[in-house]
Amino acid sequence: MPERRGSAVSKSFFRGEAGKNDKCFHKSAGTERKIYIKAKTDKHGRFWGLYCHISKDELLREAYRLAKANDGVPGIDGKDFEDIEREGLEGFLEGIRQELLERTYRPLPNRRVEIPKGNGKTRTLGIPTIRDRVVQGALKLILEPIFEADFKDCSYGYRPKRHAHQAIDRVTKGILHGLTRVVDVDLSGYFDNIRHHKLLEKIARRVQDDDILHLLKLILNANGRKGVPQGGVISPLLSNIYLNEVDEMMERAREVTRRKGYDNLGFIRSADDMVILVHGHPKEDWLLQKVQKRLKEELDNLEVEMNLEKTKVVDLKKGGSFSFLGFDIRLNRNWKSKIYVSKTPRKKKCIEIGKRIRAVLKANWNKPLKEVIQAVNAVIRGWVNYFRIGNSNSTFCKVRNYTEKKVRRFVTKRKKRKGFGWKRWSREVIYQEWGLYNDYRIQYLHPKTASCR
C-alpha cells in the first residue's frame, strides 16, 4: 500500500492479517479493485507489505487456475498439468508456498521454442515451467492493478478489458479526423533488449517491498542479463511498464499540440507495435519531424533500438498504406466517392491461416471426421473473428473456398478415392452434415465495446 498512513483496515489487509471473510484472491470482494483505486488516487504513493500475499494459498490457487486455462506446452522440466495433478496438486502448491515463505524459491531457466514468423525468420519463446508460471501469475495478480492505474489510454496490448480491435478503431477514428500522415514505428528485438536495472527502477517507484523486487530480479536473471522472455506470464506486464514513459511523453505531446479542441497528433501502441498519426495539413510538417525526434530520444534513454530501415512515414492521402496489428490500412473511396478507411488482412496472415489448416488436417489424419472438423473450426473461427471487423469480404471468400477444397481433398484421400470430391460432397453436406464453420459475416465494433474503459 502507499507509504502514507491509511485506515486500520487497510493496514491489516496489506500486512496479511486475513479477516473472517478472506476468500480466493481473484474472486474476493474487489481486492484487485481496491489496489487499483488506491494506486489511481495516489499517483506517487508506493506500495509495501505485498510479498506476504504472494504465498497465500488462495492466490497461488488462482494463479494455477489461470495458468491451466491458458494451457501451453511443458517447461524445461517436462511436466504438464496432468503430471502435476496426478502427483498431487495440494502438495505441488504447498511446496511453492513453503519455498516462497522460506525465501528459497529459485526459478528454472525457460524452455526455448522457435516460432516461425512467416518471413523466413523465427521468434524465440521462453516457456517457463508450470511451477514458475504459478509464481509469476501470483506476482502479476498483485502488481497489475498497481501499474494498470498508471497506464495511458493510448496503450492496448496485454491489458485487461482492452484488445486489438479497440486499437484499430482508435487508429481509424484518428485518420478520419485528418491525421493522415503515419509514422509506422518498428522496434528491433524489443522484448530481448529490455534492461533489467531500468525496469526494476521503474517498478521500485511504485513498490517499496524488497522481497517483491528480489523475486522479480530472480525471475529476470534466470534467463539472461537482459530482456524478458516472450511466453512468460508476467512478461507482458513488464513490457508495458518499461514503455509507459514513452506513452506518457506522447500523450503530453498530443495535449500540447491540440488546436481549437482538435488533435493534431495521435499515438497508439499495442505491446511493441506502435504508430504515430500526424495531421495532414502542411503547417504540421514541423510536428511530423519533431515527434519522430522526441520518440527516438525517449527510446534511446531506455536503450531500445528503433529499426530505422523499417520505420517509415506514410501519407495516406497520396495513396500510401501501412500495417498495424495484422491489417493493411489505407484510404479508399466507395462507389459514392466517399472516403473511408480500408482495413484488409495482411497477405502474410492469409498465408499463415492456410498453413495452419494444412497442419491441423495432417495432425488429425487418423481421427474421426467429427473431431477433424472441430479442430479445423477452432482455427478458422479465431482467425475470422479477429479479421471480421475489417474490409475482409474478398479475403474471407478466398479462405472459405480454400478450406472447403482442403477438407474435401482430405476426406477424398482418406477414402482412397480420386479427385477433389466437388460432386461427391456438396456445400450442404460439408456445412450442414459435417458442421464445417461457415460464419464469415463482417461485423463492426459496438460503440460501448470500442470504448477504452
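Author: In helix α14, the residues Leu-369, Val-372, Ile-373, Val-376, Ile-380, Trp-383, Val-384 and Phe-387 meet Thr-395, Phe-396, Val-399, Thr-403, Val-407, Phe-410, Val-411 and Arg-414 in helix α15, where contact means heavy atoms within 4.5 Å. The residues of this contact of α14 with α15 divide into 13 nonpolar, two polar and one charged; Ala, Val, Leu, Ile, Met, Phe, Trp, Tyr, Cys and Pro count as nonpolar, Asp, Glu, Lys and Arg as charged, and the others, Gly among them, as polar.

The model is predicted: local features need pLDDT of at least 70 and side-chain atom pairs count only at pLDDT 80 or more, while totals for chains, interfaces and linings use all residues. Residues are numbered from 1 along each chain as its sequence is written, and side-chain values use heavy atoms, with hydrogens and water left out.

Helices (H or I, at least four residues) and strands (E, at least two) are DSSP runs, numbered from the N terminus. Helix α14 covers residues 369-387 and helix α15 residues 393-414; they pack at an angle of about 170°, with their axes 12 Å apart. Axes are lines fitted to C-alpha atoms, for helices over the stretch in contact, and angles run from 0 to 180 degrees between N-to-C directions. The helices α14 and α15 are therefore roughly antiparallel to each other, a term for angles over 145 degrees; under 35 counts as roughly parallel, 65 to 115 as roughly perpendicular and the rest as oblique.

Phe-92, Leu-93, Ile-96, Glu-99 and Leu-100 in α6 meet Ile-130, Arg-131, Val-134 and Val-135 in α7. That contact divides into seven nonpolar residues, no polar and two charged.

An open sheet of four strands has the order β4-β5-β3-β6, with antiparallel pairing; two strands pair if DSSP finds at least two bridges between them. Its edge strands, each pairing on one side only, are β4 (265-270) and β6 (312-315). The twist of this sheet averages 20° from one strand to the next. Six bridges join β4 to the antiparallel strand β5 (residues 273-278), and Leu-265 stands opposite Val-278 in β5. Helix α11 packs on this sheet, touching β4 and β5, and its direction makes about 165° with that of β4. Helix α12 (residues 285-301) lies across β3 (181-185), β4, β5 and β6, running at about 155° to β5.

A search of the whole structure finds 36 salt bridges.

Another open sheet, of three strands, has the order β7-β8-β9, with antiparallel pairing. The edge strands here are β7 (321-324) and β9 (339-345).

Technical notes
Salt bridge = Lys/Arg side-chain N within 4 Å of Asp/Glu carboxyl O.
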